[in-house]
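Subject: Structure handover

Hello,

Here is the structure for your files. My notes on what was found follow below it.

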Amino acid sequence: GFEKSRVVTPPPPRRRRRRRRRRRHMSSLLSTLRLYRQILKATKRFPSKNKDGLYAEIQREFREHRHLEEKGKIEEKRAIAIDGLDRLRAFSGLDERNNEWNVRLKGPSTEESR
């Protein structure tokens, strides 16, 4: 016997916009995750008796805002986190036993105090 021929329809065209948007979102998510890990790592080296409390506070802050979707708010929080990482790194290389510390902080908050 003869086999019935099947009509094969091509798949619908892919929606590239959503894929690009999803890629950008994943890229932003991964960079935020990388920033989070860098901050936690810098916190472990921060010369403070309240290191554990600071670590927990950073975790709480990130978890509290993990579902943020507004691009402006996300960028604002990221800018604050990057500034905080810079400040943590400025202090994390210091020797706790040495009383002579010299740290220069950049940013608008330090410009006002001059």
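A contact here means heavy atoms within 4.5 Å. By that criterion, and leaving aside residues up to four places away in sequence, alanine 42 touches Leu85, Leu88, Arg89 and Ser92. Please keep in mind that this is a predicted model.

Overall layout

The protein has 4 helices and 0 strands, and its elements run α-α-α-α from the N terminus on. Of the 114 residues in the protein, 13% are buried. The exposed surface comes to about 10700 Å², and carbon and sulfur atoms supply 50% of that area. Among contacts with a separation of 6 or more, 47% are between residues 24 or more positions apart.

Nonpolar core

The largest nonpolar core has 10 residues: Leu35, Tyr36, Ile39, Leu40, Ala42, Phe46, Ile58, Ala81, Leu85 and Leu88. H1 and helix H3 (71-92) each supply at least two residues of this core. H1 gives the most, with 5 residues. Alanine 42 belongs to this core, as do Leu85 and Leu88, and both of these leucines are on the list of residues that alanine 42 touches.

Aromatic pair

The structure holds 1 aromatic pair. The ring centres of tyrosine 36 and phenylalanine 62 are 4.7 Å apart and the ring planes are at 55°, so the pair is tilted. Since tyrosine 36 lies in helix H1 (residues 16-45) and phenylalanine 62 in helix H2 (residues 51-64), the pair ties together parts that are 26 residues apart in sequence. Are the two partners buried or partly exposed? Tyrosine 36 is buried, with a relative accessible area of 15%, and phenylalanine 62 is partly exposed, at 23%. The cut-off that separates the two classes is 20% relative accessible area. Tyrosine 36 is also one of the residues of the nonpolar core listed above.

Lysine 44

Lysine 44 lies in helix H1 and counts as exposed, at 54% relative accessibility. Not counting residues up to four places away in sequence, lysine 44 touches Lys51 and Tyr55. The C-alpha atoms of lysine 44 and serine 92 are separated by 8.4 Å, while the two residues are 48 residues apart along the chain.

Salt bridges

Side chains of opposite charge can pair when their charged atoms come close. The structure holds 4 salt bridges. Which residues form a network of them? Glu57, Arg60, Glu61 and Glu64 are linked in this way. Within that group, arginine 60 forms a salt bridge with glutamate 64, with the closest N and O atoms 2.4 Å apart. Because arginine 60 and glutamate 64 are 4 residues apart in helix H2, about one helical turn separates them. The side chains of arginine 60 and glutamate 61 also meet in a salt bridge, at 3.4 Å from N to O. Arginine 60 is partly exposed, at 37% relative accessibility, and glutamate 61 is partly exposed at 31%.

Another salt bridge joins the side chains of arginine 87 and aspartate 83, at 3.0 Å from N to O. These two residues are 4 residues apart in helix H3, so about one helical turn lies between them. Arginine 87 counts as partly exposed, at 23% relative accessibility, and aspartate 83 is partly exposed with a relative accessible area of 29%.

Regards

Note on methods: Residues numbered from 1 in each chain as written. Predicted model: local features only at pLDDT ≥ 70, side-chain atom pairs only at ≥ 80, totals over all residues. Heavy atoms only, no water. Phe/Tyr/Trp six-rings, centres within 6.5 Å; stacked < 30°, edge-to-face > 60°. Buried < 20%, exposed > 50% of the residue type's maximum accessible area, 1.4 Å probe, protein only. Areas by Shrake-Rupley, 256 points an atom, 1.4 Å probe, with all protein chains shown as cover. Core = buried A, V, L, I, M, F, W, Y, C linked by side-chain atoms within 4.5 Å.
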